Amino acid sequence: MGKYLATRNPEVSGREIEGRKRSKEIAKEAVVLLENDGVLPLKAVGTVALFGNGARHTIKGGTGSGSVNSRSFVNIEQGLNDAGFQVVTKDWLSRFDIKKKNDYEEYRNWVINRAKELNTEYHIVAMCEGPRESTPESLKESDLVDAETCIYVVGRNSGEGRDRNEGRGDYMLYEEELEIIEKLAGKYDKFILVLNIGGILDMSEIKNIKGINAIVLLGQLGNITGEVLPEVLLGNVNPSGRLTDTWACKYEDYPSSSTFSHVNGNINEEIYTEGIYVGYRYFDTFRIPVIYPFGYGLSYTKFESEYVESSIDGNILTISVKVKNVGEFAGKEVVEVYGKAPKGKIDKEAHRLVGYVKTSVLKPGDEETVKVSFDIKDMASFCENCSAYVLHGGAYVFSIGANSRDVKDVLFVVLDEKVKIRLCKKLWEKDPVLSELSSSYKLAEGLDSDNTKVEDIEGSDNVDVINIKASDFNVITYEYTEERKELITDIKDKVTLDMILKGEAKASDLVAQLSVKELAFLAVGKHKKVEDGDAGLVGNSSVGVPGAAGDTSDHLADRGIRSIIMADGPAGLRLQPIFKTDLDNNYIKGGEMFDDAITPLDDSYDDSNSYTYYQYATAIPIAWSLAQTWNTDAINEAGLIVGNEMEEFGVDLWLAPGMNIHRNPLCGRNFEYYSEDPLISGKCAAFITKGIQSYKGKGTTIKHFAANNQEDNRFFVNNIMSERALREIYLRGFEIAVKEAAPLALMTSYNLIAGEHTSNSFRLVQNILKDEWGYKGLVMSDWCTTVDYPEQYYLYDIINPKSAPSGCVKAGNDLIMPGVERDVEDIIKAVETGEAIENFSCTKADLQACALRVVETLVEIEKRKLDK
Ligand code: BGC
């Protein structure tokens with residue numbers, strides 16, 4: 001056995017088969033039924049006229065580091081065939097194949113030439129200027145063959161490095177697509193539109209087309225995407241997914257629509273004028289009509305939900321709801337609970353999601369009482385004037401419902417007076433360019449919580465009242481790190497990992513013995529020297545596990561400090577599927593993959609002079625689809641699938657989950673993120689982390705901290721927002737994940753906030769993450785954020801500086817990944833001279849603090865492995 005854990009057996013493994021099965025069970029819960037006039041479920045299999053760019057070229061997940069190199073993939077056509085349907089439009093599908101192939105070849109040649117012209121690499125151009133979706137093949141009369149059902153599949157792909165486009169072919173359907181859909185919907189009695197997408201589409205034009213009998217949001221479900229659709233069509237699966245975003249009537253309705261990313265031509269600066277009004281917080285507060293509200297999704301059956309009772313234990317409220325299946329199909333329902341806060345002196349959103357539960361499968365006539373618990377403190381708002389999280393006095397109204405627009409008030413929690421529950425220090429001044437949207441909303445029907453008095457509601461039907469007192473809250477006053485102290489040790493022997501694991505020394509003793517140079521090496525990943533190749537095909541620079549994204553330094557191997565190995569996510573484990581070594585098990589270059597940038601395997605190696613290894617991982621559903629299950633057990637299960645594979649291949653940290661907020665539907669990486677809502681994002685990240693971390697010594701890396709909401713010019717965009725919006729919307733999910741699941745690692749983002757790279761932000765990383773939330777894990781940068789890499793940014797006129805290595809050290813961004821020699825040099829110089837380098841100075845104590853986290857993380861990993 002060599003140094004790699006990958007297998008040399010080329011056969012499909014039992015784990016792969018199991019992984020697919022388990023992933024399919026999760027995927028079945030992720031499908032959202034958007035429209036259905038009763039056509040679904042179909043009575044039986046039969047003939048299908050299948051069209052659309054996603055029919056045969058089905059998308060399993062997005063592109064870039066979020067794409068998983070799985071062994072096999074079932075597209076929709078194959079899925080239908082395997083289920084017993086007969087696809088009768090092979091001619092159209094084959095003509096579209098040719099069109100797609102030609103478009104792709106043309107694009108590929110264009111990329112090759114452009115890369116040459118720009119003197120850059122293929123994958124960089126492909127990432128910055130991805131292909132456009134092909135227009136559909138036109139319809140001939142002969143394509144309109146008789147069939148019992150017609151299905152049109154719209155596919156849309158996106159990925160890191162560029163945002164989606166608001167125009168046709170992306171957010172809007174091509175006119176050709178609309179025309180074909182209209183024609184087919186007019187011809188066939190049963191016409192079903194299937195969305196194989198990773199983010200929101202314009203639905204207004206589609207909804208105007210007559211004859212569409214059902215719309216299924218299939219999403220992108222990994223290897224088995226095509227297997228899931230027939231199960232839904234036939235009713236073996238009753239759709240129970242719910243939207244985790246608001247689908248607006250038109251793109252322009254999103255509050256950030258006119259300024260987002262490239263839309264206003266300014267990719268350097270993004271001003272968050274909508275403040276906290278993101279997603280349903282905006283649409284529901286300002287009563288903007290929507291196509292599909294947040295939380296929406298249909299089922300083949302009907303449910304009735306009835307409020308049962310509420311209770312309070314400390315600060316934890318529990319609302320019980322009885323759900324009854326009053327229809328004719330077995331299925332699952334999601335109970336959503338929203339809370340609205342009294343206004344007090346600051347503007348508030350109409351309501352926010354505070355909890356949710358999915359029922360088990362309920363047969364017709366069955367009922368189940370579910371309990372939704374949450375902390376009343378989650379209703380606090382951040383007051384910028386007093387730098388505190390505040391609960392205002394008055395009535396907190398909680399409602400239950402099936403989506404954010406269909407809720408019923410059930411509980412009033414009345415707080416006697418205002419209480420500041422968490423006292424922070426002022427970290428950011430409001431930027432003078434920022435003027436934020438504010439509301440003077442009045443709650444619609446019934447009671448206005450601002451003015452509601454207990455007497456008005458006591459004794460009302462099926463509404464409960466709970467009184468709470470400001471004096472019952474524990475008030476937290478945070479203490480903030482100012483200057484770090486240098487570590488010292490009395491131990492004279494050379495401290496090793498083994499000694500730490502045996503309790504003979506502490507990680508701090510080891511770190512205290514290190515020279516500045518050794519410390520600097522630890523604070524930077526195991527980088528390849530420039531002369532040994534580039535800084536790494538993005539996210540492909542691990543030495544320990546081929547195709548993993550990176551490793552920590554092995555400079556202290558003599559002390560037992562091995563490299564920590566990290567691989568992407570979030571839709572599974574991204575590894576190089578096939579690689580070769582020589583007979584001494586030394587890796588042979590070749591076979592590296594990043595989307596369609598593939599280095600060929602060196603064919604001078606065969607079985608006589610090399611070994612071939614296989615690392616096929618399960619492509620699980622994309623994060624957006626996972627979140628749309630609204631099922632925390634399913635998300636935990638996704639973590640278990642990945643955790644198992646990390647163990648098999650020897651990966652320590654998964655570079656996922658991604659959990660940025662869907663601020664705008666055009667963000668190129670929305671498919672990798674969960675929702676417009678921080679609670680869902682936080683819960684999903686927490687549950688997938690729990691799944692992964694139940695494997696001893698395996699950890700997640702929640703990313704990208706924070707506000708990585710734009711992909712165009714992602715390395716340099718400066719986000720200007722209020723501290724309140726930052727904390728309540730963009731940090732809240734991270735806070736939940738950190739507090740509920742203690743992920744072993746966290747990745748800062750490329751972007752700037754308030755003129756500062758997040759990886760250089762002492763306020764964000766040290767003050768909020770570490771001081772306020774008590775985060776003890778490893779903080780790493782996103783890949784190459786400190787590298788001056790103009791070839792990557794050729795599209796943009798950049799005005800902001802890159803992230804500074806010395807700034808990372810100062811901020812408490814413990815590790816720069818994957819790092820370059822220059823990072824090490826800059827850090828050493830900054831510490832040894834005391835000078836500011838790229839505007840940041842740092843001390844030996846700052847550097848020790850970073851190195852300490854790297855060592856402590858390894859210690860934690862190894863300790864957990866030893867735990868029985
Ligand atoms: C992405 C990260 C990813 C890293 C390593 C970066 O380009 O932004 O999300 O984890 O590469 O592949």
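Trainee: Which residues are closest to the ligand?
Mentor: Among the 16 residues that surround the ligand, the closest are Glu-160, Asp-568, Arg-669, His-704 and Asp-782; a residue is near a molecule if one of its heavy atoms lies within 4 Å of it. This is a predicted model, in which local features need pLDDT of at least 70, side-chain atom pairs count only at pLDDT 80 or more, and totals for chains, interfaces and linings use all residues. Residues are numbered from 1 along each chain as its sequence is written, and side-chain values use heavy atoms, with hydrogens and water left out.

Trainee: How far is a polar side-chain atom of Glu-160 from an oxygen atom of the ligand?
Mentor: The distance is 2.7 Å. An N or O atom in the side chain of Arg-669 is also 2.7 Å from an oxygen atom of the ligand, and for His-704 the value is 2.8 Å.

Trainee: And how much of the ligand's accessible area does the protein cover?
Mentor: The protein covers 100% of the 310 Å² that the ligand has on its own, by the Shrake-Rupley method with a 1.4 Å probe.

Trainee: Changing topic, which residues of α20 are buried?
Mentor: Helix α20 spans residues 821–833, and its buried residues are Asp-823, Val-824, Asp-826, Ile-827, Ile-828, Ala-830 and Val-831. Buried means under 20% relative accessible area (1.4 Å probe, protein chains only); helices are DSSP runs (H or I, at least four residues), numbered from the N terminus.

Trainee: What covers them?
Mentor: The cover includes α12 (516–522), α19 (805–811) and α21 (844–866).

Trainee: What comes just after α20?
Mentor: Gly-834 does, with a positive phi of about 75 degrees.

Terms used:
A polar contact is a pair of N or O atoms within 3.5 Å; within protein, one must be able to donate a hydrogen and the other to accept it, and residues adjacent in sequence count only if both atoms are side-chain atoms. Helices (H or I, at least four residues) and strands (E, at least two) are DSSP runs, numbered from the N terminus. The expected span of a helix is 1.5 Å times one less than its number of residues. Buried means under 20% relative accessible area, exposed over 50%, partly exposed in between (1.4 Å probe, protein chains only). Contact means heavy atoms within 4.5 Å.
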